Amino acid sequence: MSSAISIPGSNPHVVAASASPTTTTIHDRMLFRKDSITFSIRQPKVLHPVDNEDLRLLILENISQEAVKAFRAQGFHVDHFTKAMSEDELVQKIGSYHAIGIRSKTKITERVLKAASKLLVIGCFCIGTNQVDLLSAAKAGIPVFNSPFSNSRSVAELVMSEVIALSRQYFQRAFEMRDGIWNKQSKGCWEVRGKTLGIVGYGHIGSQLSVLAEAFGMRVLFYDVVNIMPLGSARQVETLAALLSESDFVTLHVPELPETTNMISTEQLAQMKKGAYLINNARGKVVDIPALIDALKSGHLAGAALDVYPSEPGSNGAPFDDQLNSWSSTLRSIPNVILTPHIGGSTEEAQRMIGEEVSSALIRYLNYGTTIGAVNFPEVDLRAITLEEPNHVRVCYVHNNIPGVLRQVNEVLSPYNVEKQYSDSKGEIAYLMADIADVSPSDVNSLREQINKTNANILTRLLA
């Protein structure tokens, strides 16, 4: 493969994130269904790196075996581990891999990326991507893919279970029964019918939750930074303060960003109704936990459910104690507080769908260069090269977004018939795909060398 990827110096500009579109790719649309049988219009050709180096994938954190099978079916070499790896372990191992699949515990830092001399793509088998240094990955020519909606139903169902558990205090009653204490009571226990659920963040999870809550007879309000068409009878409010003051239950579904860190703190908790409940299945740093503890101990809030935390153990069986988070023992001692170990998306259905979605995205990128759905990268796709098109080469060219680059590349490609070409940019990174015809094997190395010599080159791949 190519030589070590160097990451340019720091830059104040940020590569913005984008959500995965729900539409299929051009390769998927080349197939159509008739009478429940799939027919191929033109069979797409699976492309391979022209230097024929076997692709090696490192899969961590017990990612779905279906994803592992999908990778191996492509002929990729897969090393699969059930646990996360530390930064030091990754620095030691990642240099021999072309792709890595992780969940939320493995951190892909700039230091790890500098050691990843062969790395082409990163797959986050989860919703969040804050465990990856997205800007450094983009600067190294590495797209990052995630699964923004495959576990939405699982999280929404968990939230509804927590709403009922908090309102009936049955988590506390079950805990007492396990200690041999019979404590039947109705004081402070409520039906959820007729209560108001306030949803902060009306995306994939929030909107599904909205439908479920209304099926329980709840009134639904939501707050989002953009105007969104509500589902059912839900109503969008203009401010977070308005939502907090009207809601009996407040549930958070926002990403971890600088502007969402501690978005629920002392001021916001005071704006909530006395006797209300707070639920956080989003990101651990969204809630100021010491402020929440004060609101619970004072009786202002009647309960809370947390599935995410600022610092989380790296593996099952590791302690969740005050060394990890200084307030841990205090939080664990408060009645009617439900604490779960980041299990929002941990269902068989969600993990299977996440495995299918992210593995498909990685396979499309490695085989075809397609970046549709990348969160840190320009989204580019081309119609597949078919089996009826021999001696075609696909150029996948990641470069700095500066003037004059396309002129240089097109000069290199000018001796050939460029059948199709597409380019897009995001922030300081641009990505060009071009399919060129009638390229002889003897021309391939020369072609790659010329493109690599362009002054904006970050990473060039030739697939054939």
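Is Cys124 buried or exposed? At 0% relative accessibility, Cys124 counts as buried; buried means under 20% relative accessible area, exposed over 50%, and partly exposed in between, with a 1.4 Å probe and protein chains only.

Before going on, the basis. This is a predicted model, in which local features need pLDDT of at least 70 and side-chain atom pairs count only at pLDDT 80 or more, while totals for chains, interfaces and linings use all residues. Residues are numbered from 1 along each chain as its sequence is written, and side-chain values use heavy atoms, leaving out hydrogens and water.

Back to the cysteines. A disulfide is a covalent bond between the sulfur atoms of two cysteines. The criterion here is a pair of cysteine sulfur atoms within 2.5 Å, and searching the whole structure gives zero disulfides. Cys124 is in none, and its nearest cysteine sulfur belongs to Cys126, 5.2 Å away. Seen from Cys126, the closest cysteine sulfur is that of Cys124, and 5.2 Å is too far for a bond. Cys126 is buried too, with a relative accessible area of 12%.

Next, the sheet. Helices (H or I, at least four residues) and strands (E, at least two) are DSSP runs, numbered from the N terminus, and two strands pair if DSSP finds at least two bridges between them. Seven strands make an open sheet with parallel pairing, in the order β10-β9-β8-β11-β12-β13-β14. The edges are β10, residues 235-236, and β14, residues 337-339; each has a single partner strand, so one side of each has no neighbour in the sheet.

Helix α8, residues 204-215, packs on this sheet and touches β8, β9 and β11, where contact means heavy atoms within 4.5 Å. Its direction makes about 175° with that of β8. For such angles, axes are lines fitted to C-alpha atoms, for helices over the stretch in contact, and values run from 0 to 180 degrees between N-to-C directions. Helix α11, residues 289-297, lies across β12, β13 and β14, at about 145° to β13.

Within the sheet, β11 (249-252) and β12 (276-280) pair in the parallel sense over four bridges. Leu252 stands opposite Asn280 in β12.

Last, Asn401. Which loop holds Asn401? The one between β15 (393-400) and α14 (405-413). Asn401 is partly exposed, at 37% relative accessibility. Leaving aside residues up to four places away in sequence, Asn401 touches Ser425, Gly427, Glu428, Ile429 and Ala430. Asn401 and Glu428 are 27 residues apart along the chain, with their C-alpha atoms separated by 5.0 Å. The Asn401 side chain also reaches the backbone oxygen of Gly427 at 3.2 Å.

Methods: A polar contact is a pair of N or O atoms within 3.5 Å; within protein, one must be able to donate a hydrogen and the other to accept it, and residues adjacent in sequence count only if both atoms are side-chain atoms.
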